[in-house]
Amino acid sequence: MNAPVDVLQHRADAESTYGIIDCDIHPFPKQGALNRYLSERWRNHVAEYGQMTCGIYAGRGNYPRYQPYLSRRDSFPPDGGPPGSDVDFIRRQLLDPYNIAYGVLEPLLGGNNSRNLDEAAALSSAMNDWQVAEYTDPEPRLRGSILVPAEDPGAAVREIEKRAGDWRFCQIQLGTKTFEPLGRRKYWPIFEAALKHGLSIGMHTGGSQASAPSPGGWSQFYIEDHQLGTHSAATQATSLILEGVFDVFPDLKIVLIEGGFGWVPHLGWRMDAHWSKMRSEVPGLKHQPSAYLKTNFWYATQPVEEPEHPDDLRQTFEWIGWDRMVYSSDYPHWDFDDPHLAWRFQMTAAEKRQVLHDNALAVYSFK
Amino acid sequence: MSEPTAIDCDIHPGVPDIKTLLPYMSDFWRESFVDRGLDGFDMMSYPLGAPISCRPDWRVAGERPGARLAAMQTQALDRFGIGLAICNPLTGGQVAVSESMGAAICSAVNDWVVEHWLDKEPRLRASIVVPAQAPLLAVEEIERLAHDRRFVQVLMPAACELMLGRSYYWPIYEAAAKHGLPIGIHAGSMYRYAPTATGWPSHYLQDYITNSQLFEAQLLSLISNGIFVKLPELKFVFIESGVSWLPHFIWRAIKTWRGVRAEVPWVKQSPGDIIRANIRVTTQPFDAPDQATVTRIVEQIDCDEIFLFSSDYPHWQFEGDAITPPGLSDALLQRMRADNPLATYPRLKETVS
């Protein structure tokens with residue numbers, strides 16, 4: 001294991017005095033790369049049965065996407081393998097040119113969502129080993145996310161305990177699509193473990209397809225499903241708030257990743273408007289619901305909103321609070337946000353520094 | 001207090017129990033409900049005792065919310081200067097698992113509305129409630145009642161068996177368009193799917209809050225499946241959706257369409273343009289905390305034609321006489337109270353000069 005590097009001290013360049021913190025970088029295994037981290041029993045199981053998803057296909061999600069590997073056409077490593085599989089190419093295409101001080105890895109392989117809870121635990125653990133061995137060790141600017149089998153909170157806590165002291169991990173990762181709304185008590189041991197170890201939770205859009213993408217059912221097209229992904233982030237925020245998770249765990253930090261953020265002000269207003277009349281149903285709530293959106297949540301910026309009038313983007317940042325916004329690129333995916341070009345309004349240097357750097361340090365403790 | 005020209009696009013007569021509806025049913029269904037001892041078909045979406053279902057000062061002890069015409073007249077029609085109001089009955093028939101039972105309840109409710117509300121109060125109009133579980137039966141119901149010009153809209157719950165854009169429902173939309181009836185989509189669900197994208201929450205409050213997401217999802221479905229290409233004149237009225245979800249929804253719908261519109265090549269117009277041309281929203285609830293926010297949201301929506309005045313009576317959305325969101329200009333208030341409803345519901349013009 002390499003020693004931790006205080007990259008922030010070493011990445012200053014002529015253009016800025018700080019390195020950027022990118023909260024959403026997707027590593028992807030080369031064919032068979034996870035096998036060496038799985039026991040023989042689980043290697044065989046995965047080879048025979050694959051991953052027990054809740055979807056219609058044995059090897060892919062329900063909604064066919066629009067780009068191979070969901071990725072930028074220029075992100076395929078020159079030496080072969082899928083986008084995100086070559087740490088040297090990530091370095092050359094993302095970390096160096098954009099002066100990324102830290103990049104948070106968000107593996108989206110679905111293994112942690114298996115209906116077979118033992119498989120989910122085995123794949124989560126394997127993906128954790130794989131992240132550190134193949135990404136963080138060779139490139140300590142990249143930090144791993146502790147994947148956990150969220151539907152088996154006991155096993156999830158064991159995995160957290162196993163990784164918590166390891167500087168190569170900087171958060172616990174959950175998908176926004178869990179089997180049940182995350183605020184339900186079944187999941188609370190995960191939050192307790194997160195707090196015990198001073199870890200934030202990165203909740204990346206996606207996960208299980210145990211529920212339809214909308215209360216109205218299954219959309220027909222990817223163009224719908226892609227936008228509906230933001231709903232799973234919003235509804236998890238609602239669940240965590242109304243179930244009283246932050247009243248029991250007031251210091252819990254949640255980063256919502258790739259869920260958009262245009263909906264955040266609206267959700268706060270709507271929750272407050274109807275809670276004011278139906279608070280008798282959730283009498284334990286200590287604050288009005290919107291308050292928790294400003295104390296316990298951070299919002300990763302990609303895919304950035306593109307209002308018809310650029311002023312509205314500034315207004316949205318102000319409504320949410322500048323201190324809540326953390327930059328994410330979503331590299332190597334097709335809707336990558338460039339840290340300098342994504343915003344359709346003028347940020348001051350101080351505002352930009354908050355979003356690209358300072359705010360993330362309030363969430364993550366990079367060791 | 002507003003001028004007596006206001007058109008209320010969402011008012012709820014309290015649908016009675018099954019026993020009261022029996023006279024409006026066939027012998028078969030009368031016998032079935034009686035012999036099987038069936039009642040209690042009130043929707044989960046609006047529990048009768050829940051705060052949302054009736055504003056406290058409008059609640060009449062021992063009665064269902066909105067059950068009494070005299071109360072509606074004094075508490076809403078007279079009080080808010082309403083010249084015309086569109087009744088949107090919420091009934092278990094709209095959500096029943098059985099297609100034929102659902103159709104029987106819907107038909108009974110429509111006939112009951114005619115006798116007990118429309119015939120008794122000339123300011124009232126109504127939506128045709130249809131069994132969307134069975135589009136062909138829904139079309140029959142539209143054809144049965146369309147001759148009565150006091151029916152001005154076809155009403156569907158916001159969550160049905162399938163997403164509302166699917167061609168399964170197009171016969172309903174075609175029948176409505178043929179008769180000059182917009183489609184009203186009202187908050188509420190058949191509960192065929194979990195009420196959120198991540199499963200079943202513990203609280204009714206979350207079910208209700210998530211209705212806005214449901215409207216967003218249905219709007220995407222309507223646009224993507226191309227119903228506005230097939231029926232460009234058809235309007236959908238989103239009733240009790242909240243309003244403040246529209247700006248961020250429009251932004252993301254445009255962005256996503258620009259990125260992957262090749263998947264739905266028949267959608268040639270920007271979603272923003274389609275929404276402003278074909279979608280209308282009732283203004284209760286509005287879901288914004290203060291005047292400055294309301295003003296900004298109206299600017300962001302950037303379409304004065306989209307707003308339809310509503311009380312949502314007797315649902316509890318506002319206090320006292322604060323029936324319209326604060327800070328709207330007089331010109332916009334006039335539009336949403338009268339001009340926009342008249343433009344949206346062609347049949348209303350037949351009685352208002």
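**Second largest cavity**

The lining of the second largest cavity divides into five nonpolar, 10 polar and four charged residues, where Ala, Val, Leu, Ile, Met, Phe, Trp, Tyr, Cys and Pro count as nonpolar, Asp, Glu, Lys and Arg as charged, and the others, Gly among them, as polar. This cavity, in a predicted model, has a volume of about 190 Å³. Of its 19 lining residues, A:H231, A:A234, A:W263, B:E216 and B:H248 are the closest to the centre. Helices α6 (222-242) and α8 of chain A, together with α7 and α9 of chain B, each supply at least two residues of this lining; helices are DSSP runs of H or I with at least four residues, numbered from the N terminus.

**Basis of the model**

The model is predicted: local features need pLDDT of at least 70, side-chain atom pairs count only at pLDDT 80 or more, and totals for chains, interfaces and linings use all residues. Residues are numbered from 1 along each chain as its sequence is written, chains are lettered from A in the order in which they are written, and side-chain values use heavy atoms, leaving out hydrogens and water.

On a 1 Å grid over the protein atoms alone, a cavity is a set of points where a 1.4 Å probe fits but cannot get out, a pocket is an open set with protein on both sides within 12 Å along at least five of seven lines, and lining residues have an atom within 4 Å of a point. The count comes to seven cavities of 30 Å³ or more. The largest cavity holds about 300 Å³, and B:G14, B:V15, B:D42, B:L48 and B:L90 are the closest to its centre among 23 lining residues.

The second largest pocket contains about 430 Å³ of space. Its 24 lining residues include A:A273, B:D287, B:A288, B:P289 and B:Q317, the closest to its centre. Helix α8 (residues 263-278) of chain A gives the most to this lining, with six residues.

**Interface of chains A and B**

The contact (heavy atoms within 4.5 Å) takes 69 residues from chain B and 64 residues from chain A. Five salt bridges are counted between the chains, each a side-chain nitrogen of Lys or Arg within 4 Å of a carboxyl oxygen of Asp or Glu. One of them joins A:E308 and B:R276, with the closest N and O atoms 2.8 Å apart. On the side of chain B that touches chain A, α7 (204-225), α9 (246-260) and α11 (291-301) each supply at least two residues, and α7(B) provides the largest share, 17 residues.

Definitions and conventions: Points joined across faces, edges and corners; volume = space filled by probe spheres on them.
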